[in-house]
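I opened the model and kept notes as I went. Here is what I looked up, in order.

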Amino acid sequence: MSEVNSTFTAQENTKAGGRVSRPSAVLRARQDRAAQRIFFAITILPILLILLVTIALFARALPILEAHSLSSLLLGEVWKPNNGQFGFLPFIMGTVWVTIVGVLLSVPACLLASVYLAEYAHNRVRAVTKPILDVLAAIPPVVYGVWGLLAIVPFVDEVLAPFFDRWLGSIPLFAVTQPTGFGILSGGIVLAVMVAPLIISVTFEVFATVPNDLRHASLAVGATQWQTIRNIVLPQVTPGIIAAVVLAASRAFGETIAVLMVVGNVPNIPTSIFDSAYPLPALIANNYGEMMSIPLYDAALLGAALVLLVVILIFNILSTLVLQRFLRRKWA
Amino acid sequence: MGIKKLQKKQFERRHLMEAFMKTIMRLALLIVAGALGLILWTIIARGLPSLTWDMVSQVPKGGYYMGKEGGILNAIIGSIYLATGGTLLAMLLSLPIALYLKAYLGDSKWGEYVRLSLDVLWGIPSIVYGAFGFALMLMLGMRASLLAGIIVLALVELPIMTRAMDEVIRRMPADLEHAALALGSTKFEVALHVVTRQMLPGITTAILLAFGRGIGDAASVLFTAGYTDRITTSLMRPTASLPLAVFFQLGSPYPQVRERGYAAALILTIIVLLVSFGSRWLSARLARYTIK
């Protein structure tokens with residue numbers, strides 16, 4: 001005990017510059033106020049940063065917004081920077097297609113897995129699953145891209161494309177339009193795996209907000225566990241699940257490297273899941289090298305980043321607000 | 001009799017449904033877990049054959065990108081520089097934010113606003129941070145450099161680290177805080193001496209989580225850190241990074257170079273997994289020194 005005391009005095013000694021005394025209450029109160037101010041200044045940085053990113057991108061994209069109307073940029077179908085034609089539509093549609101395919105592939109499996117983890121699984125199963133999801137979330141995008149390139153693209157090319165061609169080829173949505181595996185479906189499959197940890201962990205948290213009393217009441221009157229989930233739990237959490245899916249969609253919307261490596265990068269408006277696409281993030285990443293050599297090109301690419309940012313901000317703010325309300329909800 | 005029959009039929013149907021749903025849920029979980037197995041297997045099976053000691057011990061020599069000798073030490077070192085710098089910088093900001101949220105804002109309305117803004121920042125894709133960094137560099141007349149890469153990576157890591165810290169810190173038992181306050185500590189003293197010590201395992205996990213995210217991020221450093229075949233010696237010079245090394249080598253027309261790209265992906269995966277498991281181990285170790 002005395003040892004502890006002496007280390008304390010030694011510390012105070014050096015701090016107070018030789019005098020053997022603790023800092024006065026006034027000094028400590030002043031220190032507290034100063035710290036509070038500094039911490040406050042740092043804490044508003046995130047809010048400022050969102051504004052700063054938006055303003056900086058807007059400022060750099062301004063030249064292209066002045067040269068072309070917004071509608072001709074967003075709805076233009078021709079991308080020829082050398083001729084001064086900057087139509088974003090093929091890229092926007094590419095992003096939308098890849099995102100939709102990815103989310104549609106991911107959501108059913110993830111929801112089922114998440115319901116299982118939240119409602120059925122033994123603690124041991126959860127303990128094993130958590131590190132698996134952590135690792136899935138930790139794997140860098142570029143590694144997902146390599147996996148897509150080595151496993152998914154050949155799989156789409158050799159297995160899925162012939163299968164769809166044989167059985168569903170007459171439906172335009174599933175028409176096999178090109179002989180490589182690079183395309184929306186490959187990008188979607190890679191994205192589906194990438195967003196899985198996010199969907200599962202968020203929906204798991206959402207399920208956990210439903211009080212056990214409700215489940216017990218339902219089980220007590222003789223419902224099976226699935227009936228309880230279907231009729232009691234799911235209706236309670238629907239908004240939370242939708243928010244989680246929107247959140248995942250916005251994550252998929254901005255994914256760059258992994259998608260870029262498997263999606264083919266051809267600026268067409270897709271009509272089939274086997275088409276190549278050229279998502280917005282890939283456009284930005286692929287062309288940063290030459291953007292300074294063509295007039296307005298840099299403004300156009302930073303404008304593309306701005307489009308990406310605005311869409312994602314809207315998705316994100318909405319879904320986060322819903323989730324915040326949801327996870328904080330107090331149950332009577 | 002009729003009612004009993006009906007009851008029996010319904011009984012069977014709902015129990016069949018139960019068994020069916022349970023089976024497909026298990027299947028779904030297996031698919032997700034299987035995807036991880038598939039990814040790791042692919043990366044190891046294709047990366048391991050071309051993983052040599054030269055890869056991790058040498059910088060690219062002349063003709064490396066045509067399949068001649070050399071390695072990617074420049075990228076490994078560069079990535080460590082970038083991620084370490086970015087993590088330290090992010091830490092400088094996120095620790096105060098997390099402590100402020102705990103000590104002063106709590107679950108108040110402003111606390112929710114700050115958390116919302118952090119969640120929104122988390123959702124901004126790294127390519128947008130990269131473009132933002134690039135826009136700033138154009139305004140300031142800067143060139144691609146290690147420093148620019150570090151700053152942009154810090155922005156990418158900041159929300160991840162802060163929210164992860166916040167999630168553990170806000171779960172701290174109030175008793176400890178109350179005890180310290182009752183002894184006359186100021187809020188700042190409680191935050192600095194009690195919260196940081198008690199929550200050290202969680203804070204460490206948050207920092208390493210952000211480090212792992214930072215080291216694997218390619219889109220943000222693409223514009224800002226550049227690429228070079230040498231090991232960077234200055235903050236103002238460009239630097240190579242591991243994700244970009246993978247990316248560039250995969251685009252090569254030479255199969256040998258592409259094979260090395262797979263090996264580089266394996267190296268990156270190993271580093272990320274080591275960080276991930278290391279943080280688990282470390283936080284379990286540090287948990288010994290907290291008050292239970």
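What is the mean pLDDT of chain A, and what percentage of its residues reach 70 or more? I read a mean of 87, with 92% of the residues of chain A at 70 or more. pLDDT is the predictor's confidence in each residue, from 0 to 100.

I then checked residues 1–16 of chain A, where the pLDDT is below 50. Beyond near neighbours in sequence, this stretch has 6 contacts in the model. Two residues are in contact if their C-beta atoms, placed from the backbone, lie within 7 Å. Where pLDDT is low, the predicted coordinates should not be read in detail.

Chain B averages a pLDDT of 88, and 97% of its residues score at least 70. For the model I noted an ipTM of 0.91 and a pTM of 0.90.

Ground rules next. This is a predicted model, in which local features need pLDDT of at least 70, side-chain atom pairs count only at pLDDT 80 or more, and totals for chains, interfaces and linings use all residues. Residues are numbered from 1 along each chain as its sequence is written, while chains are lettered from A and ligands numbered from 1 in the order in which they are written.

**Interface**

How many residues of chain A are in contact with chain B? I found 69 residues of chain A in contact with 69 residues of chain B. Helix H13 (residues 297–328) of chain A gives the largest share of the chain A side, 11 residues. Helices here are DSSP runs (H or I, at least four residues), numbered from the N terminus. By class, the chain A side has 50 nonpolar, 13 polar and 6 charged residues. Nonpolar means Ala, Val, Leu, Ile, Met, Phe, Trp, Tyr, Cys and Pro; charged means Asp, Glu, Lys and Arg; the others, Gly among them, are polar.

**Domains**

I took the bounds from an automatic or database domain assignment. Chain A has domain 1 (2–43) and domain 2 (76–328). Their C-alpha centres lie 51 Å apart.

Chain B has domain 1 (2–50) and domain 2 (57–289). Their C-alpha centres lie 36 Å apart. The contact between them takes 6 residues from domain 1 of chain B and 7 residues from domain 2 of chain B. On the domain 1 side I counted 3 nonpolar, 2 polar and 1 charged residues.

Asn265(A) has a positive phi of about 55 degrees although it is not a glycine. Asn265(A) sits in the loop between helix H11 (257–262) and helix H12 (280–287) of chain A. Buried or exposed? Asn265(A) is partly exposed, because 18 other C-beta atoms lie within 10 Å. The cut-offs are 20 or more for buried, 12 or fewer for exposed, and partly exposed in between, with C-beta atoms placed from the backbone.

Definitions and conventions. Helices (H or I, at least four residues) and strands (E, at least two) are DSSP runs, numbered from the N terminus.
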